[in-house]
Amino acid sequence: MFSFAGRASTASSIVASLATPAPPSKPSSPAASARRPRLIMSAPVFAAPSAVAERSQVGLPWCPCTRSMDAVERLKSGFEQFKTQVYDKKPELFEPLKAGQCPRYMVFACADSRCCPSVTLGLQPGEAFTIRNIAAMVPPYDKNKYAGIGAAIEYAVCALKVEVLTVIGHSRCGGIRALLSLQDGAADTFHFVEDWVRIGYQAKKKVQKEHPTVPFDDQCSILEKEAVNVSLYNLLTYPWVKEGVANGTLKLVGARYDFVNGVFDTWEK
Ligand SMILES: [Zn+2]
């Protein structure tokens with residue numbers, strides 16, 4: 001067993017790890033200022049409609065924080081925009097979905113609020129059966145643990161007959177930083193977090209062994225990919241996945257979304 005050294009001090013350090021740092025706050029270059037708003041504003045379905053409108057009307061730059069709005073009203077206004085701008089305008093998309101779903105993909109992505117795969121990959125409703133959790137990890141087959149993940153994989157593969165299982169890591173992942181921050185032999189601070197990210201323990205050890213002199217942040221970047229590889233390997237411990245890959249009906253794809261540089265890498269296993 002291994003965990004955090006020093007309960008009090010590591011509590012704050014692991015919280016700091018999970019609260020991933022914001023991108024550098026240097027003065028907005030044309031490219032940077034264009035990149036931030038466009039990520040969401042070009043996809044009005046996902047924008048915060050009232051906040052965007054209010055700020056732009058008074059000449060303020062776009063800001064992702066909608067905490068000044070009533071929380072429930074924010075949800076309602078978001079849905080209203082989706083309803084009028086997407087749902088009502090695309091019956092060819094939504095009518096067939098009333099009868100059922102046949103997604104091509106099963107996607108594992110991080111719960112990080114900056115990494116919604118529907119937004120970043122343009123996945124439409126009905127296209128991707130999606131699991132999001134801390135660090136986009138897939139645990140190995142275990143009927144006594146992680147049953148929620150096992151049930152989702154079983155349903156996606158055996159009932160929905162998805163064709164592609166993809167695991168998507170991302171830049172500045174707080175879960176990956178937490179994994180790399182774990183100290184062997186120390187007590188856990190959280191009830192669940194450390195135990196969950198330990199799914200990627202082998203990836204952490206591999207990175208530390210192969211890149212011992214690399215700065216912590218760069219080790220994190222490498223680990224963001226290696227943890228995906230562990231998850232892809234773990235997917236093969238589910239019998240229907242192993243069988244599907246063996247007979248060619250299933251494909252496993254690793255990916256990493258780098259939202260700092262606007263890059264999306266993929267690789268097949
Ligand atoms: Zn993450």
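Student: What are the mean pLDDT of the chain and the share of its residues that reach 70 or more?

Tutor: The mean pLDDT of the chain is 84, and 76% of the residues reach 70 or more. The term pLDDT denotes the predictor's confidence in each residue, from 0 to 100. This is a predicted model, in which local features need pLDDT of at least 70, side-chain atom pairs count only at pLDDT 80 or more, and totals for chains, interfaces and linings use all residues. Residues are numbered from 1 along each chain as its sequence is written.

Student: Where is the pLDDT below 50?

Tutor: Over residues 1-17 the value is below 50, and over residues 19-52 it stays under 50. Where pLDDT is low, the predicted coordinates should not be read in detail.

Student: Which residues does UniProt place in the feature "binding site"?

Tutor: The unreviewed UniProt entry places that feature at Cys110, Asp112, His170 and Cys173. UniProt positions are given in the numbering used here, feature names are shortened, and annotations may be inferred rather than shown by experiment.

Student: What makes these residues gather at one spot?

Tutor: They span 64 residues in sequence, yet no two of their C-alpha atoms are more than 9.0 Å apart, so they gather at one spot.

Student: Why is cysteine 110 called buried?

Tutor: A residue is buried if 20 or more other C-beta atoms lie within 10 Å of its own, exposed if 12 or fewer, and partly exposed in between, with C-beta atoms placed from the backbone. Cysteine 110 has 25 such neighbours and therefore counts as buried. Cysteine 173, with 29 C-beta neighbours inside 10 Å, also counts as buried.

Student: Why does asparagine 229 count as partly exposed?

Tutor: Asparagine 229 has 18 C-beta neighbours inside 10 Å, so it counts as partly exposed. This residue lies in helix H11 (residues 216-235); helices (H or I, at least four residues) and strands (E, at least two) are DSSP runs, numbered from the N terminus.

Student: How do you know which residues asparagine 229 touches?

Tutor: Two residues are in contact if their C-beta atoms, placed from the backbone, lie within 7 Å. Leaving aside residues up to four places away in sequence, asparagine 229 touches Ala203 and Gly254. Asparagine 229 and glycine 254 are 25 residues apart in sequence and 6.8 Å apart in space, C-alpha to C-alpha.
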